[in-house]
Amino acid sequence: MRRKSECHAWRYGAPRKFNSLIVRGNLDISETVITVLPKISVGGSIDARFSDLKYLPEGMYVNGNFLISDTDIEVLPSNLMVDGSLAFNQTKIKKLPDNLLVSGNIYASGSALESLPDNFSLYGNLVLDYLSLDKFPSRLSVHGNLRLYKTKVGGKLITEEDLPSDLVVTRNVYLTDKKMRKYGLCKLLRENEPFDDVATVETT
């Protein structure tokens with residue numbers, strides 16, 4: 001693994017501080033010691049995995065993927081807009097902000113996520129493996145795949161019977177289940193079956 005390094009914008013030999021920042025392409029601060037970002041708009045993707053990033057500004061806009069897995073971030077900012085996928089695996093993030101907008105997939109496996117907002121809708125895959133949720137959200141709509149492998153709700157491993165009747169999933173539901181049974185338009189897969197298009201998590 002590469003050593004973490006500092007990333008500075010230099011002018012006349014001195015580091016500069018920004019109150020706001022516009023990046024037309026991608027921003028890669030992975031494996032750096034950066035802890036905070038200014039108010040920022042990014043025309044591509046942000047890769048901050050394995051960095052020391054802890055604080056995010058409100059009103060962030062990311063035109064590509066926003067990858068913050070394995071960071072010290074505990075809170076997602078309000079008015080966060082991501083036109084690609086959002087990945088925060090292995091973080092201390094406990095909840096999603098009510099006004100979160102994500103156009104792609106959400107990856108939250110192994111995080112501290114405890115709940116999702118009621119009436120939450122996602123036009124992509126929702127990957128929630130190895131979580132301990134307080135409750136299942138009402139009227140959750142996933143226009144893609146929903147994965148809940150080894151995930152508990154209320155301290156109990158979630159099964160087909162625990163899925164609420166108002167859940168809408170247009171593709172497959174993946175659970176830790178010994179049997180494969182139909183669930184409306186959804187399919188419950190055995191524990192060891194592959195998960196087709198979410199196998200390559202967090203690719204840019």
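Modeller: Let's start with Asn105, which sits in the loop between strand 11 (101-102) and strand 12 (106-107). Strands are DSSP runs of E with at least two residues, helices are runs of H or I with at least four, and both are numbered from the N terminus. This is a predicted model, where local features need pLDDT of at least 70, side-chain atom pairs count only at pLDDT 80 or more, and totals for chains, interfaces and linings use all residues. Residues are numbered from 1 along each chain as its sequence is written, and side-chain values use heavy atoms, leaving out hydrogens and water.

Biologist: Why does Asn105 count as buried?

Modeller: The relative accessibility of Asn105 is 16%. Buried means under 20% relative accessible area, exposed means over 50%, and partly exposed lies in between (1.4 Å probe, protein chains only). Asn105 therefore counts as buried.

Biologist: What is Asn105 in contact with, leaving aside its neighbours within four places in sequence?

Modeller: Gly84, Ser85, Leu86, Gly124 and Asn125 are its partners, where contact means heavy atoms within 4.5 Å. Gly124 is 19 residues from Asn105 in sequence, with 4.6 Å between their C-alpha atoms.

Biologist: What makes the pair of Asn105 and Asn125 a polar contact?

Modeller: A polar contact is a pair of N or O atoms within 3.5 Å; within protein, one must be able to donate a hydrogen and the other to accept it, and residues adjacent in sequence count only if both atoms are side-chain atoms. Here a polar atom of the Asn105 side chain lies 2.7 Å from the backbone nitrogen of Asn125, so the distance is within that limit.

**Two aspartates**

Biologist: Asp83 is in the loop between strand 9 (81-82) and strand 10 (86-87). Is Asp83 buried, partly exposed or exposed?

Modeller: Its relative accessible area is 35%, so Asp83 is partly exposed. Not counting residues up to four places away in sequence, Asp83 touches Tyr61, Val62, Asn63, Gly64, Ser103 and Gly104. The side chains of Asp83 and Tyr61 are joined by a polar contact of 2.7 Å.

Biologist: How is Asp129 labelled, buried or exposed?

Modeller: Asp129 has 7% relative accessibility, so buried is the word for this residue. Asp129 belongs to the loop between strand 14 (126-127) and strand 15. Among the residues that Asp129 touches are Ser109, Arg147 and Tyr149.

**Strands and core**

Biologist: How do you know that strand 5 pairs with strand 3?

Modeller: Two strands pair if DSSP finds at least two bridges between them. Strand 3 (residues 20-23) and strand 5 run parallel and are joined by four bridges, so they pair. Ile22 has Ser41 of strand 5 as its bridge partner. Strand 5 also pairs with strand 7 (residues 61-62), in the parallel sense and over two bridges, with Val62 as the partner of Val42.

Biologist: Which residues of strand 5 (residues 39-42) form its covered face?

Modeller: Ile40 and Val42 do, while Lys39 and Ser41 make up the uncovered face.

Biologist: What makes strand 13 (121-122) an edge strand?

Modeller: Strand 13 pairs on one side only, as does strand 20 (168-169). They belong to an open sheet of three strands with the order 13-16-20 and parallel pairing. Another open sheet has the order 15-18-19, with mixed pairing; in it, strand 18 (residues 152-153) and strand 19 are antiparallel.

Biologist: What is the largest nonpolar core, and how many residues has it?

Modeller: A nonpolar core is a set of buried Ala, Val, Leu, Ile, Met, Phe, Trp, Tyr and Cys residues joined through side-chain atoms within 4.5 Å. The largest one has 46 residues, and Phe66, Ile68 and Phe88 have the most contacts inside it. At least two residues come from each of strand 5, strand 17 (146-148) and strand 21 (173-177). The residues that Phe66 touches include Ile46, Leu56 and Met60.

**The whole chain**

Biologist: How many helices and strands has the protein?

Modeller: Zero helices and 23 strands. Of its 204 residues, 48% count as buried.

Biologist: What is the mean pLDDT of the protein?

Modeller: The mean is 82, and 77% of the residues reach 70 or more, on a scale of the predictor's confidence in each residue from 0 to 100. Residues 5-15 have pLDDT below 50, and over residues 178-204 pLDDT stays under 50.
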